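The following report describes selected features of one protein model.

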Amino acid sequence: MYAITISEPGGPDVMSWTEVPDPVPGPGEVLLDVAATAVNRADLLQRRGLYPPPRGASDILGLECSGVITELGAGVDGWRVGDRVAALLAGGGYAEKVAVPAGQLLPIPDGLDLHTAAALPEVACTVWSNLVMECGLHAGQVLLVHGGGGGIGTHAVQVGAALGARVAVTAGTADKLAICAELGADILINYREDDFVAAVREATGGRGADIILDNMGASYLDRNLDALAPDGQLVIIGMQGGATGELNIGKMLGKRARVLATGLRGRPADGPAGKPAVVASVRETLWPLVSAGEVKPLVHAALPIVEAPTAHRMLDQPDVVGKVVLTVREN
């Protein structure tokens, strides 16, 4: 098969479409013919040599894909050759074929084609595992989403609104905020012009946000605590603003705050915190919302897989809203 390989850590041009050995499905795995994959910021970090794959995972980029099952490994039940699926991966999506644990497969939601569905697994599992499984987001709460124009942000806004939460969002342009409003956000904060702490407090009568989904990390740490409501929860899923910061224990104690940091790629293959448990919860509870059109994947652009360098450059542009998809085969 062919896959995107990396000649050495570096910029987008270190990637090329190269012939590599075909993957072989092990026990409990299936083999997919990949239709499409999607670009995540983790891919950009891995390309630069800053985010190695977990032990035993493919070193090919790609944390999600869609495709058609072509082979079943030993012990796989509930799936058949020919099934059209989306998949959560630890790696391997930028390729013509990928071997996937069966517990990380999702059926294609009603109304979606294979290419669009490729934009869902990583954001859906990230958002659902954090906001619902970890934090218990429910109707009536205030949810603050940072980076509302990104793939995770646009998905989180929709999930929060679908569950009956009041959604606040930060973004850097009026156009992105307008899109977030269309998706269900009603507290719109331009972080280039406004202080999100003051804006959230004003919109909530001084109380703050019950849950904050943060992709910035260190640079927002103290202000996020200021923006939290009593008994609030801050969940950190990224480090775009740095990895090291001071945590004010006094503020946490005063608000009875909970601060947690989670990653999806390195979750175990089993157990209550494992990827199959997340995927099962997404399939049972979130997928009906997707099939009903209440939560939709936003695809900014779809490019052929051989244009992966262009897609990586695109993801760094300020006008991108939602996901960038790489197509491998026709729908």
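## Report on selected features

Leu253 is exposed, because its relative accessible area of 66% lies over the 50% cut-off for that class. The model in which this value was computed is a predicted one. Leu253 belongs to helix H8, which covers residues 249–255. Together with Leu247 and Ile249, Leu253 makes a nonpolar surface patch of about 290 Å².

A contrasting case is Asn224, a residue of helix H7 (residues 221–227). Asn224 has a relative accessible area of 0% and is therefore buried, since the class requires a value under 20%. Which residues is Asn224 in contact with, leaving aside its neighbours within four places in sequence? The contacts of Asn224 are His146, Phe196, Ile212, Asp214 and Leu234.

Leu234 has Val259 of strand S13 as its bridge partner. Strand S12 (residues 228–236) and S13 run parallel and are joined by four bridges. In general terms, the strands of a sheet pair through backbone hydrogen bonds, in either a parallel or an antiparallel manner.

The sheet itself is open and has six strands, with parallel pairing and the order S10-S9-S8-S11-S12-S13. Its edge strands are S10 (187–190) and S13 (258–261), each of which pairs on one side only. From one strand to the next, the twist averages 15 degrees.

| Helix | Strands contacted | Angle |
|---|---|---|
| H6 (residues 196–203) | S8, S9 (166–171), S10 and S11 | about 165 degrees to S10 |

Attention now turns to helix H10, which comprises residues 308–315. How many of the eight residues of H10 are buried? Six of them are, and the helix is thus described as mostly covered. The buried residues of H10 are Ala308, Pro309, Ala311, His312, Met314 and Leu315. Their cover includes strands S1 (2–6), S2 (15–19) and S3 (29–39). Helix H1 (41–47) and strands S14 (299–304) and S15 (323–327) are also among the elements that cover the buried residues of H10.

How values were computed: Residues numbered from 1 in each chain as written. Predicted model: local features only at pLDDT ≥ 70, side-chain atom pairs only at ≥ 80, totals over all residues. Heavy atoms only, no water. Patch = residues over 30% accessible without salt bridge, like charges linked within 9 Å, V, L, I, M, F, W, Y side chains within 5 Å. Areas by Shrake-Rupley, 256 points an atom, 1.4 Å probe, with all protein chains shown as cover. Salt bridge = Lys/Arg side-chain N within 4 Å of Asp/Glu carboxyl O. Helix = DSSP H or I, 4+ residues; strand = E, 2+ residues; numbered from the N terminus. Buried < 20%, exposed > 50% of the residue type's maximum accessible area, 1.4 Å probe, protein only. Contact = heavy atoms within 4.5 Å. Pairing = 2+ DSSP bridges. Axes fitted to C-alpha atoms, helices over the stretch in contact; angles between N-to-C directions.
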